[in-house]
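Student: I'd like to learn how to read helix packing in a model like this one. Can you walk me through it?

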Amino acid sequence: MLPSRSVSRVFLIRHTRVDVAPGVCYGQTDVPLASTFADEAATALSLMPWRPSEIWTSPASRCTRLAERFGASNIRVDPRLLELDFGEWENRAWESFRSPRSEAWALDPMRVRPPGGETGAELHARVGGVRDEILSRIAADESGALRIAIITHAGVIRSWLAHASGRGLMDFFGEPVPHGSPLAAA
């Protein structure tokens, strides 16, 4: 279950909706935003309980554009916040690459690598690293003024929540992560 808004000093925000046909695997592909971006960004801003002093964002334009809307003076672009790299499957309809390899990945995405991509375990490791760094910054902030918004992707958010709960990423694999909705992070 995803956490709700609270007095947390770190919030995770999935990018707003994208203009991609249903059923397309876009992972790390830089895809355009939906025409509803301005409204969705305004809603995301309105749901935040505070204005962030720092924003950490994936380098994908669907994330950096939302980060810019938040207006923080300190935006950090970090590639560890990118979605899972689906390699050769990127920007293709899921149905177009059905094969024994894709079936093996669907059964064990933590250990099976899409061709030219990364495993779920690799995603989970890089998210763990950036999470540790961000939480260390929060812990070192004696003033209590540091407030961080992280604008990223569903897979990264699921991984963060798995780390926070001490459970495995697969426990969160099918968990819905709404676009543009801030979630308090642990």
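Tutor: Let's start with handedness: a crossing is left-handed if the near helix is turned anticlockwise from the far one by less than a right angle, and right-handed if clockwise. Here, α1 passes α2 in a right-handed crossing. Keep in mind that this is a predicted model.

Student: Then what is the mean pLDDT of the protein?

Tutor: The mean is 93, and 96% of the residues reach 70 or more. Be careful with residues 1-6, though, where pLDDT stays under 50. The model has 21 contacts beyond four places in sequence for that stretch.

Student: Back to helices. What describes two packed helices?

Tutor: You give the angle between their axes and the distance between the axes. For helix α1 (residues 37-47) and helix α2 (residues 61-70), the axes come within 10 Å and cross at roughly 55°. Angles of 65 to 115 degrees would count as roughly perpendicular and those under 35 as roughly parallel, so α1 and α2 are oblique to each other.

Student: Which residues of α1 and α2 meet?

Tutor: On the α1 side you have F37, A38, A41, A44 and L45, and they meet R65, L66, R69 and F70 in α2. By class, that contact has 7 nonpolar, no polar and 2 charged residues.

Student: How do α4 and α5 cross?

Tutor: Helix α4 (residues 120-140) and helix α5 (residues 154-165) have axes that come within 9 Å and cross at roughly 65°. That makes α4 roughly perpendicular to α5. The crossing of this pair is right-handed. From α4, the contact uses L123, H124, V127, G128, R131, I134 and L135, while α5 brings G155, V156, S159, W160, A162, H163 and A164. Sorted by class, the residues of this contact are 8 nonpolar, 5 polar and 1 charged.

Student: Now burial. Which residues of α2 are buried?

Tutor: The cut-off is a relative accessible area under 20%. In α2, R62, C63, T64, L66, A67 and F70 are buried. These residues pack against β1 (10-14), α1, β3 (54-57), β4 and β6 (148-152).

Student: Why does T64 count as buried?

Tutor: Because its relative accessible area is 17%, and the cut-off is 20%. T64 sits in helix α2. Leaving aside neighbours within four places in sequence, T64 is in contact with T57, S58, P59 and V77.

Student: And what is the relative accessible area of C63?

Tutor: It's 0%, so C63 is buried. This residue also belongs to helix α2. Not counting residues up to four places away in sequence, C63 touches H15, T57, S58, I151, T152 and H153. For a sense of sequence against space, C63 and S35 are 28 residues apart in sequence and 15 Å apart from C-alpha to C-alpha.

Student: How far apart are N91 and C25 in sequence and in space?

Tutor: They're 66 residues apart in sequence and 5.4 Å apart in space, C-alpha to C-alpha. N91 lies in the loop between β4 (75-77) and β5 (92-93). Setting aside residues up to four places away in sequence, N91 touches V24, C25, Y26 and T29.

Conventions:
Residues are numbered from 1 along each chain as its sequence is written. This is a predicted model: local features need pLDDT of at least 70, side-chain atom pairs count only at pLDDT 80 or more; totals for chains, interfaces and linings use all residues. Side-chain values use heavy atoms; hydrogens and water are left out. pLDDT is the predictor's confidence in each residue, from 0 to 100. Contact means heavy atoms within 4.5 Å. Axes are lines fitted to C-alpha atoms, for helices over the stretch in contact, and angles run from 0 to 180 degrees between N-to-C directions. Helices (H or I, at least four residues) and strands (E, at least two) are DSSP runs, numbered from the N terminus. Angles under 35 degrees count as roughly parallel, over 145 as roughly antiparallel, 65 to 115 as roughly perpendicular and the rest as oblique. Ala, Val, Leu, Ile, Met, Phe, Trp, Tyr, Cys and Pro count as nonpolar, Asp, Glu, Lys and Arg as charged, and the others, Gly among them, as polar. Buried means under 20% relative accessible area, exposed over 50%, partly exposed in between (1.4 Å probe, protein chains only).
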